[in-house]
Amino acid sequence: MSISIHTSISAAVYENENQRLRDERRKALLGVRGLRKHHGDRLLFDIERIEIATHGAYVLTGVNGAGKSTLLRVLGGLERAEIDSLRFACEDVLRVHPYPRRLREAIVYVHQHPILFSTSVAHNIGYGLQLRRLPKEEIARTVADAMAWAGVAHLEGHNPATLSGGEKQRVALARAKVLQPKLLLLDEPTSNLDGAAREQVIELIPTLVEAGSSVVIACHDRDLINLAGVQRMKLRDGHLELR
Amino acid sequence: MIDATLHAFALLFTGNADLWHVIWVSLKTSVSGLLLAAPPAVLLGYLIAMNRFRGRRIVIWLAQAALSLPTVLIGLLLYLLLSRRGPLGELQWLFSQPGIVFGQCVVALPVLLAFTLAAVQALDPRYAETAVALGASRRQVMLRVLYEGRFGVMAAVLSGFGRVISEVGCALMVGGNIEGQTRTITTAIALETSKGEFAQGIALGIVLVTLALLMNGALMLLQGDAHAARERG
């Protein structure tokens, strides 16, 4: 009798654990196993596993040269690396090179010093939507909403070359946000900003998660690292530590 | 000299039909050759600038070396190609305007390619990366990069025009300097000077100098605009 109870409890625990793993797997937006990047003969990083949850917010820290930007660029499909396996939105991605269209449309990388095209602020924000051939009215509406969100509505027709660093960063965030990416990779978004410009950018980041994106931010900024609900990852000696 | 120059201005402003026909043939063949050369040259320049492949440095070296290739040598090669017994003899382009257009196209190609390559290489790589990150296809990335490097590409086109309008070797060898048909500004200057008819040579020279001034003025404006854009950025 006692053996039977013990067996059924073990089975229940086993089943619960399995369910938990299944749930976790279902919630994981991006799962990467065995990610290695070499610069010439030098191994920059050798990461056993990365899991990015749906609607998760992460900061990626590490000393300069640790490979934070490179890791984001690899995840964003701008650089190649060796990857053993990659799973995105519950589906295995069999070929990572060339970077699959499905990932390209769902993952957006924003440079540390974003570059804006030499058109107008509004055109920059709507550029990705135009590429996706959305109706003009929808693009105009979405761009107007995004400009209001980023606090750059007054700059609509401006030449981007005349904007300040903070304004450029907010336009770049708006340009990424309108695409409703599942995963947003931000490379040191506050590194070249100070004062009010930096605070304005920091205030925008939690709203990106609220809007439905998972966000990974490479940074050194204490205020970003200490944002509520943000999980920390650290690249140290080529390995990724979860904190 | 002064008499010849005054006569040259008189020829220009009284609308001497022969003279203006020569100018028309020159402009027509140069612009046609340039228009034919520009799309493949700009595309190749872009592709070489943006891609890393085996032998890339050799390709760049050859493209840049082709810049200093004497046009008379290009003319000789095209003459051999287009002559009756040549591989392209059936086209019957030798000593015809299509032949000059073909020649100008070949002359312009390395200039356009090398200058486009340099313009795209000088451009911030984040333009292409940003377009890629926002979901642009290869063609869309190319259009975006060429738009951002438009001042450099336009400078390439203007330099190409400067090269073809002022070259004499290829136009002479392939065109044959036939009056009323294949006589261009440069071949006419060479001929008129050899005949001692300096007035017509000077008049055509004035046209060439004016074109050169206009080209360089446009280049300076473009460079000024590009510089101002960089300063603002």
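Helices here are DSSP runs of H or I with at least four residues, strands are runs of E with at least two, and both are numbered from the N terminus. Before you click: this is a predicted model, where local features need pLDDT of at least 70, side-chain atom pairs count only at pLDDT 80 or more, and totals for chains, interfaces and linings use all residues. Residues are numbered from 1 along each chain as its sequence is written, while chains are lettered from A and ligands numbered from 1 in the order in which they are written.

Stop 1: Select chain A. Eight helices and 10 strands come up. The C-alpha trace spans about 80 × 45 × 35 Å along its principal axes. Chain A has 243 residues, and 39% of them count as buried. Buried means 20 or more other C-beta atoms within 10 Å of a residue's own; exposed means 12 or fewer, partly exposed lies in between, and C-beta atoms are placed from the backbone. Now consider contacts, meaning pairs of residues whose C-beta atoms, placed from the backbone, lie within 7 Å. Of those in chain A between residues at least 6 apart in sequence, 71% join residues at least 24 apart.

**Stop 2: the open sheet.** Select β2, β1, β4 and β5 of chain A. These four strands form an open sheet in the order β2-β1-β4-β5, with antiparallel pairing. Strands count as paired if DSSP finds at least two bridges between them. The edges are β2 (42-53) and β5 (91-93) of chain A; each has a single partner strand, so one side of each lacks a neighbour in the sheet.

Pick A:Leu35: its bridge partner in β4(A) is A:Ile83.

**Stop 3: helix α4 of chain A.** Select residues 121-131 of chain A. Eight of the 11 residues in this helix are buried. Among them are A:Val121, A:Asn124, A:Tyr127 and A:Leu129. Then step just past α4(A) to A:Arg133, where phi is positive, at about 55°.

**Stop 4: where chains A and B meet.** Show both chains. The contact takes 18 residues from chain A and 16 residues from chain B. On the chain B side, the elements giving two or more residues are α6 (126-133), α7 (138-148) and α11 (198-232). Helix α6(B) gives the most, with six residues.

How values were computed. Contact = placed C-beta atoms within 7 Å.
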